Amino acid sequence: MALVEVQVPDIGDFDEVAVIELLVKPGDTVTAEQSLITVESDKASMEIPSSTAGVVKELRVALGDKVKQGSVVLVLEAAGAVSAPASESKQAVPSVTGSQSATESIPQATAVASVAAAASGPVAVHVPDIGDFKDVAVIEVFVKPGDTIKVEQSLITVESDKASMEIPSSHAGVLKELKVKVGDTVNIGDLLAILEGSPTNVERSASPVPAPVAAPAAPSAAAATPASALDTERPAPNAPMGLPHASPSVRKFARELGVPLAEVKGSGPKGRITEADVHAFTQAVMAGTTQTQAQAAKVPVAPAGGGGSELGLIPWPKVDFTKFGPIERKELSRIKKISGANLLRNAIMIPAVTNHDDCDITDLEAFRVSTNKENEKSGIKVTMLAFLIKACVAALKKYPEFNSSLDGDALIYKQYFHIGFAADTPNGLMVPVIKDADKKGIFQISQEMGELAKKARDGKLSPGEMSGACFTISSLGGIGGRYFTPIINAPEVAILGVCKSTIEPVWDGKTFQPRLMLPLSLTWDHRVIDGAAAARFNVYLGQILGDFRRVLL
């Protein structure tokens, strides 16, 4: 074991920056390139990474200390590894901030663009030098043909796996033609736009400005299944945006949870948002004591009371029900308010078709009952829904178009199998998600379902536990019914509805036999799936449930 001093690497043109966050403590095991502290100047914040792996033996800095290149951050006990010199470690990357604000930690890219200062005329705007990045994706477009553009005005946002930045215009003028769109990849020198130039253009030094990455949208609602409580939307490109005062690691954590940082109140120094603040905000939203701006904006669009004018329909009837007798008015639950707009959108925008079928689960039910008897001491109760999840995974593998999502004119085929299931709660149905169901056995799925269902009833489901589903199962088996038409949970392309199984007489070729039959209702998006594929999916699903050994094939 060797003791290694980890120093502040070259952090660019910054001297005596303040330590505002400690990300590790003595006893922690850190990996090479793991962030150790966050420092901040009046213009930027950055995370300082470790130059080697090991166990933290001693911290040499405290909150409020000033550090610079070469300052010792901590002492590590490195196991069988030689520390790279501090100058060769991963360079800490500053992030441009607003007043008391910090955006994603990214490299500073500086480019000098030669600008014609003479007469007006068509002017080409190219991607400037954005540093050591190739084939970066365009994730946002801020302008459209006809817009008047100023020098240094942001045109697009690009993003690599490590950074996001806004690309500014090198000229002023009227945008005649935009040469890129969301999803394209660009490199230094690529043509972005054609402007009708302005004579006020002058030569300048251009620095792409880092762009805060918007929180990912939470999942939409399935039939009788609301969207995640932290459903958020990217702000409009021209909307004013105050950059949140938080470190890059906190912003990354917030994005993973779908938390809009602009709505979180920071408890740290100078209002800085901490990881604990993000946790507290998430818990408040899930408990219903607070609401995101996106939720508040969506609530009035609930289908039961919407006006209909937005869709070109006649107005919703306004009736004074007290004229006909006594009434009682109760507000919709928070979950129903959130889910209403999503349900309306999915029902109207998706050309949905439903196939109804029955499958014989006599042998599978007998196996389930015997399995539970044999494993009573385990405390895990295997449900038919657990078998349904495994069966659906097998069907999704055989028919991958059911495990896809529409993205414009393309299909995104998912290589993972996350299955959502409806959970009944006092406030309405919610949709927890079993992640990587293809890698889990029946017992593990049953246990995880029980835990997630309890968290749903207690109002403690996190946004991450309700997001990422590829396919949803809405089961009414414990209640009753025969068939129904579930609404697809966009951006999924299909949903399976399941009702209560019943004993029915089934002809075996010689006589009628009592068999346990399970009703299935498969709703599918006709833009992606055709009737023949849907019929094959249902038949195959029934075959698996009839003889579960097929899962092994």
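Before I turn to the strands, one definition is needed: two strands count as paired if DSSP finds at least two bridges between them. With that in mind, and remembering that what we have here is a predicted model, let me begin with strand E6, residues 54-59, and strand E8, residues 72-78, which run antiparallel and are joined by four bridges. Within that pairing, Val56 has Leu76 of E8 as its bridge partner.

These two strands belong to an open sheet of four strands, whose order is E1-E8-E6-E3 and whose pairing is antiparallel. Strand E1, residues 2-7, and strand E3, residues 29-30, stand at the edges, and because each has a single partner strand, one side of each is left without a neighbour in the sheet.

The largest nonpolar core has 53 residues, and the members that touch the most others are Phe402, Phe471, Ile473 and Leu496. Several elements supply at least two residues each, including helix H7 (442-457), strand E27 (471-475), strand E30 (512-525) and helix H8 (531-546), while helix H6 gives the most, with 12 residues. If we take Phe402 as our example and set aside residues up to four places away in sequence, we find that Phe402 touches Leu396, Cys470, Phe471, Val493, Ala494, Leu522, Ile529, Ala533, Ala534 and Phe537. Apart from this core lies another, of 20 residues, among them Val143, Val158, Leu175 and Ala193.

Staying for a moment with helix H7, I would point to Ser446, which lies in that helix and is buried, with a relative accessible area of 7%. Leaving aside neighbours within four places in sequence, Ser446 is in contact with Ile380, Lys381, Val382, Thr383 and Ala386.

Now to the aromatic residues, where the structure holds seven pairs. In one of them, the ring centres of Phe387 and Phe548 are 5.2 Å apart and the planes stand at 90°, so the pair is edge-to-face. This pair links distant parts of the chain, since Phe387 is in helix H6 and Phe548 is in the segment after H8, 161 residues apart. Phe387 itself is buried, with a relative accessible area of 2%.

Another edge-to-face pair is formed by Tyr399 and Tyr540, whose ring centres are 6.1 Å apart and whose planes are at 75°. Tyr399 lies in the loop between H6 and strand E21 (404-407), whereas Tyr540 lies in helix H8, so the pair ties together parts that are 141 residues apart in sequence. Both tyrosines, Tyr399 and Tyr540, are buried. Ring pairs also bring Tyr399 and Tyr540 into a cluster with Phe402, Phe471 and Phe537, and two of those names, Phe402 and Phe471, we have already met among the core residues that touch the most other members.

Lys398 lies over the face of Tyr540, at 5.3 Å from the ring centre, and Lys397 lies over the face of Phe417, at 5.5 Å from the ring centre.

How values were computed. Residues numbered from 1 in each chain as written. Predicted model: local features only at pLDDT ≥ 70, side-chain atom pairs only at ≥ 80, totals over all residues. Heavy atoms only, no water. Core = buried A, V, L, I, M, F, W, Y, C linked by side-chain atoms within 4.5 Å. Buried < 20%, exposed > 50% of the residue type's maximum accessible area, 1.4 Å probe, protein only. Contact = heavy atoms within 4.5 Å. Phe/Tyr/Trp six-rings, centres within 6.5 Å; stacked < 30°, edge-to-face > 60°. Lys NZ or Arg CZ within 6 Å of the ring centre and 35° of its normal.
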